[in-house]
Amino acid sequence: MATSTSIDSATLAMPKGVSLWDDAWLRLRKNKLAMFGLGFLLLVLVLCLLTPWIAPYSYEEQDLRLGAAAASAEHWLGTDTFGRDLLTRILYGGRVSLLVGFVATAVALLIGVTYGAIAGYAGGKVDAAMMRFVDILYALPFMIFIILLMVVFGRNLVLLFLAIGAIEWLTMARIVRSQVQNLRQQEFVEAAMSLGLSPVAIIVKHLIPNALGPIIVYTTLTIPNVMLLEAFLSFLGLGIQPPESSWGLLISYGVETMEEYPWLLIFPGLALSMTLFALNFLGDGLRDALDPKASRD
Amino acid sequence: MSLLQVTNLSVYFHTRNGTLKAVDGVSFEVEPGKTFAIIGESGSGKTVACYSMLGLVPMPPGKIESGSVLFEDRDLLTLSEAELRKIRGKGISIIFQDPMTSLNPFLKIGDQLIEPLRLHFAISKKEAWQKGIEILEEVGIKNAAQRMHSWPFEFSGGMRQRVVIAMALVTEPKIIIADEPTTALDVTVQAQILKLLKELQVKRNIGVIFISHDLSVVADIADKMAVMQEGRFVEQGTRDAIFNNPQHDYTRKLLAAVPNSEKSAQENKAEQNLVEVEDLKIHFPSNKGEAPIKAVDDVSLHIKPNEILGLVGESGSGKSTLGRAIIRLLKLTAGKVSFDGQDISRLSAGEMKPLRRQMQIIFQDPYASLNPRMTVYNTLAEPLLLHKIVTKKELDNGVCSLMDSVGLARESILRYPHEFSGGQRQRIAIGRAIATKPAFIIADEPVSSLDVTIQAQILDLLLELVERFDLTMLFISHDLGVVRYLADRILVMKDGKLVESGSVHQVFSSPQEAYTQALLNAIPGKSLFTTESKGF
């Protein structure tokens, strides 16, 4: 950052993007662990995107002669009980898991942050009404909700994302609301009001940036949650069905055959946990980078 | 024979960014029945000096480099933590600054009061309770036996500070360290607490170390004093010697910074008022069944162009509420507010927006009034762009000239609020307020959280800006000295009503209302001004 360099008024070359986000990016780049996390996630993402072209086999191609074989030159990570290549299945599974993780979380973020910020900012009766609605949704048994959706509309990936997102946003909304409620009392919000800023501008420019810490922490908690939820739903027969795969599904099959064929658990488990590690590093880094106080001694 | 003898005490903090000499070779004595005051601005090391004697400074990063502290023939600095614990609260007690946070909100007053007794003496609960009642009576709390069962939140700030004093006294200590004990209190309450402390001290023959940043308070209570700057005592001596004949430049600077002059009266001949308030009422709903809280009750006032109107009153008198209501940050319950001849009391938020440019506010706490996640550049650019004061092209220059106006270095343009000191932050907040070139500014206690020399700088900056930009200002404060320095006219507010108004000279020389007289009498440091015959 150009804090120590002096700024000459004549040649004032102000970096145009001195927004919180540009600044955060500059600081994030200095955080090695976070950059490693980001790099790893990007690698996984690229691999998953390119899977149809780079996968050594097809995800449903069986080689029943092999059965469940350990790692070999032909099958780097071994094969499952049907003789399907495990590496291929993990790559294909990653597509589903990452998609579910990110899309459902994005849905939860978008709805939850907006809804919570509006409720917290408006306060009073609006807030009470909005939060009672959240309470009602909390009270609905969500399994039944999803099963109903699946039964009525058929098994559908998009619907699954939306359904999971529709549940995860409730907690996000509560967290954001309580943060915004506290921040709203602060004088800088009053100062913004006296400048004549519109409520939307106050929420977007002044309130949400100051609530980012808890939002990011909760987001990094939500992504793995959502991935495991997908595995659970798939296990119940509501999500992905074999021969398609997802990490959650692979792991739950891996658990069943853990004693005879441990690699069926280890490799999908590694893929999931390393991704989650990377995500947490990135999340921690982001939280620090977005807090001007945390990142400079 | 002195009670406490501190010799050459040095406490350093070793951090990653180098060594900070928080206390650097300090020596002083505390005598029974006398008050030794340490005066200095925040960060000067006065608190560290006292807390380190009792082992209350976190070590590391703190480290006692040298010195001795003799108390009852023992060097406190050589004692173990267990031995020190026996002295803390028994031999030496501390009264903390903020009575709102120094009492545990989940413990009844009585239980807190007898805790140090039961800790340090073998005494039954019943006896301790009885002693608690006696001490509460002694610090002036009525119905002490019943009040022992009260919760802290049932007491006002001044009453809580009395409880804190009772807690410090209950073990009959020889020395009390009073760490800014009245800074968080209103001026009339402050006067009562200072009087109480003085009485108890004489009666019980206690030595007091009084830490403060406020020269006027010290002038009333100190016998001997030291002026502390950057860890050193730059001057030490009797109260009279220091106030009447200061030797060190810094002491002179501190004394000069106390606002004690009166603004010369000027006739304001403007015909039309810029701001007019008629029968304004602001009521807040309270618990069901109870009458609403009348924060502002039937207030009428006017402010002429280019006038600085001072609004004084204690906390809870409704002065801040009134200020916010005038610029429509609050909903009005009844009454009328006109700005520049236009009735603004019923305008919608959209209709207010063009007017917002004309009226701005500066808040008390520069820590809370700036968005911690926006750089100075963004904070100052926001109003400029919102009200189209400058185009995007001219924005950089606009921000820079604002920084110049409020005396901030241009180099710091990309910094965040936490990287600035309190005074600098207040400059940023002032810059934001004048960015839209407003006609009217409300300054809500803008200097009350600042050190005295910084306070003087900010007041002068405000005066300069008023002159330069033809501003009209409503200056809200609980500090009469500050108001006197700045204002043309004064309004006194109590319990939501205006009780007195007049020119500064009128109000100060011949106050009409009993409440105003009480406020004037409570101003600390009157002796300071009379000895130097500077007024009053």
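Because the model is predicted, local features need pLDDT of at least 70 and side-chain atom pairs count only at pLDDT 80 or more, while totals for chains, interfaces and linings use all residues. Residues are numbered from 1 along each chain as its sequence is written, chains are lettered from A in the order in which they are written, and side-chain values use heavy atoms, with hydrogens and water left out.

Chain B is divided into domain 1 (4–256) and domain 2 (275–531), with bounds from an automatic or database domain assignment. The centres of the two domains, taken over C-alpha atoms, lie 34 Å apart. Where they meet, 18 residues of domain 1 are in contact with 16 residues of domain 2, contact meaning heavy atoms within 4.5 Å. The two domains of chain B bury about 1600 Å² between them, 56% of it on carbon and sulfur atoms; buried area is the accessible area (1.4 Å probe) that two parts lose on being put together, summed over both.

Between these domains there are zero salt bridges (a side-chain nitrogen of Lys or Arg within 4 Å of a carboxyl oxygen of Asp or Glu). One residue pair is in polar contact, both residues at pLDDT 80 or more; this term denotes a pair of N or O atoms within 3.5 Å, where within protein one must be able to donate a hydrogen and the other to accept it, and residues adjacent in sequence count only if both atoms are side-chain atoms. On the domain 1 side, helices H7 (187–204), H8 (215–221), H9 (239–244) and H10 (249–257) of chain B each supply at least two residues. Helices (H or I, at least four residues) and strands (E, at least two) are DSSP runs, numbered from the N terminus.

In one salt bridge, the side chain of B:Glu382 meets that of A:Lys205 (3.1 Å, N to O). Twelve residue pairs are in polar contact between chain B and chain A, both residues at pLDDT 80 or more.
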